[in-house]
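Subject: Structure for you to look at

Dear colleague,

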Amino acid sequence: MSSTNNQYHHPKYISRTNTQLTTLTPNSCLLAVLLVTRSSSGPTLTFHYPPRPRIESPQTRNIRSQSPSDSSSSSSSSEDDDADETSRTTATQQPGAASDAESRKTRFRRRDDSDADRAEPKKPRSAETVLGFKTEFLADMLAPKAAAARGRFEMSVDDIVYIGMPVHVRPDGTWRRSRKRKKKDEDGDEGENEGYAPEQEEEGQEGEEVEKGVEDLSIEDTGKVPEDEATKAADEDADDEREGETPTEQTNTESSMNMFHIVFVLNPPELEYQARTLQIYDYVVRRFSRTLKYEQDKDGYVWKEAEKIARLKEQAAHEDISYSELWRKIIDNSNLAHAISRIYIDISQNKIAHIFLNNHRTLSVQIPIVTEINRLPTLMDQPMPGLPLTTANSFGDEETEGDSILAKHFTLLFLEDIETIIKDIVAEPTESSASLAHFVKNVKPTQSFVQISIQSGIALHEIQVLARHLIQWRKARPIPPIHQRNTYIVSPNADMKRVPQLIPVYSKTFPTMPGLEKMLGMLSGPPRSFASFIPSKDHRGAYLEILAWLIRHSLVTELRTFAWIKIPRHIKQAVHEERLRQREENPDSPAPDDDEDEMLDEDSFILDPSKASGIESAWLEMACREHSSDVKALFERMLKYLNGQHALEKIAVREGIPRKEVRKVFSVMEKIIVYAKHW
């Protein structure tokens, strides 16, 4: 797990789905990653991974069914072989949806290269084909002129889309626009800080932009990445290419390269075209390209690596080595080629890609994945068994604006053992490692962030940042604090096929407790408080640990309670009669409305008690009139939760009211409250 001196990049990737579950199903659609460079001699396809990308379109699939293909080329490791094989499994749909207007798209007809790809020449060919094109032609297509390059590059060829961000040398010979350096620190060091990230010096302060942009990716409802940040960044990159400003301190006079372009090749399904291309651009392409841009400007890193790859290819042309052996040699000797291969392997498998560039720069990229859903998939959606099912919103409190802050009344549930997480933190020591490890040791799934802050002495804001960091790296997920008084059930979305595999793990973790089958059987019965399953107070801690384990493996979810206020007819009639008496005693008092008279024959719901109208307020006052002042005061504090949008279980946590008092108020006011159970 990577952390860089308090520079946290924490995507709000705890994605919620309402309409398009299929859009968010883990699937990068990644076919290949290409490196295109251009020098005075013209554009060149310098490197690509995997060595021989395969495209399973309907046409090529028909051809392969008629002519058997050879086995796949070997790669740098067994893991690379698996990834190369994975890359050959592709979607069969064509992305007919149009991209956004600011992207440039060109459509060409791709020649089929099934015969060429199946061949495994002993010596590398001087004019190979990649993705159905001669390398010279493909490089020329993917090397736009500086005047035409404005940030995001997108090109569709048949059912394949090429996404990238071309980087051109500036007119003054530098690769990036300079910015005013911060004031010298106490040591007088004006250069890079130890925790400096190149994204932060890009236009719009990329570090802040990355943090803000990933927080905005809730993929709510549609599963699409917001376009505002991407568009803004693209415009800034275009300005950087066009405008000539003060050169940076170091220029790359030795480099004859004037452009490089990292291109990601995808074949997204038609209905997911927009979401997939936006995701990979915002979260992988842009970050990777900008980091390379920084390193190229610093010491010509990209050009040095390109020359190294070219020399290896030239040597291979005179040696008796196979194509796959050449690619293995390139990956072993070129840091950039190895980074590209790692990004392809990890992103295509929906993992986090950790790469090390130029012997000092660490970069981690990922495509945010779905971590929970709030409704069951319909017949039109792709099933996703095993994902947590809950409507609890872990981002944003009622008293905050928007959903950018991790709710302070939530907590973390670790997805790995604490010892493993701490070991990962210690393995990559930074200035923030001690704080992160201290936080991990103090987290309990039964305590909210507020309670953890009080007990550990860590500031609440720092806890929220550290928690989001752990969420991003898929080490934990946010949940409402576990409590024995809450109700838990077997999740309707639980993957019960995994239970036989989990039984030995459960038995090893809880050897003296009831078996997994028995626990699931108890929680499958009529819903009741989890405390009713605990034999004694001495067993409470162990049973709560079991509950946390069941929730971690998405076998169990909390069944929460929602409520509305329903005013019965007799209370409405009493208010009406009282108003008539007041009218008789004081003719100047307002007369009852006609609509009010019509509502006397039926019960009425108050949909939003916190914004009750005049007559609704009168009904509430009449309903509370016979109760004590203490009950009235607590009921008024709880009114805002009685609109069917808030789970009643969070009232005690958010309002600081003892659960016993909450139950007492609801018991007293039960005649006007309607309840519903839902996850």
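What follows is an account of what was found in it, beginning with the whole chain and then turning to single places.

Please keep in mind throughout that this is a predicted model. The average pLDDT of the protein chain is 75, and 70% of the residues score at least 70.

As for the overall make-up, the protein chain contains 24 helices and 16 strands, and 54% of its 679 residues count as buried. If you take the contacts in the chain with a separation of 6 or more, 75% of them are accounted for by residues 24 or more positions apart.

Next, the helices. How do helix H8 and helix H9 cross? The axes of H8 (residues 273–299) and H9 (residues 301–317) come within 6 Å and cross at roughly 90 degrees, and the two helices are therefore roughly perpendicular to each other. On the H8 side the contact is made by Leu292, Glu295, Gln296 and Asp299, and on the H9 side by Tyr301, Val302, Trp303 and Lys304. Sorted by class, this contact has 4 nonpolar, 1 polar and 3 charged residues.

Helix H15, at residues 460–472, has 13 residues and reaches 18 Å from its first C-alpha to its last, which is close to the 18 Å expected at 1.5 Å a residue. Because 10 of its 13 residues are buried, H15 is largely enclosed by the rest of the structure. Among the buried residues of H15 are Ile463, Val465, Leu466, Leu470 and Ile471, and they also include Arg468 and His469. After H15 comes arginine 474, whose phi is positive, near 60 degrees.

Tyrosine 49 and proline 50 are joined by a cis peptide bond, with omega at about 5 degrees, and proline 50 has its place in the loop between strand E2 (42–49) and helix H2 (58–66).

Leucine 131 is not a glycine, yet its phi is positive, at about 55 degrees. This leucine lies in the loop between strand E3 (129–130) and strand E4 (133–134), and at 1% relative accessibility leucine 131 counts as buried. Asparagine 358, again a residue other than glycine, has a positive phi near 55 degrees. Its loop runs between strand E9 (353–357) and strand E10 (361–365), and asparagine 358 is buried, with a relative accessible area of 14%.

With best wishes

Note on methods: Residues numbered from 1 in each chain as written. Predicted model: local features only at pLDDT ≥ 70, side-chain atom pairs only at ≥ 80, totals over all residues. Heavy atoms only, no water. Axes fitted to C-alpha atoms, helices over the stretch in contact; angles between N-to-C directions. Helix = DSSP H or I, 4+ residues; strand = E, 2+ residues; numbered from the N terminus. Parallel < 35°, antiparallel > 145°, perpendicular 65-115°, else oblique. Contact = heavy atoms within 4.5 Å. Nonpolar A, V, L, I, M, F, W, Y, C, P; charged D, E, K, R; others polar. pLDDT = per-residue confidence, 0-100. Expected span 1.5 Å × (residues − 1). Buried < 20%, exposed > 50% of the residue type's maximum accessible area, 1.4 Å probe, protein only.
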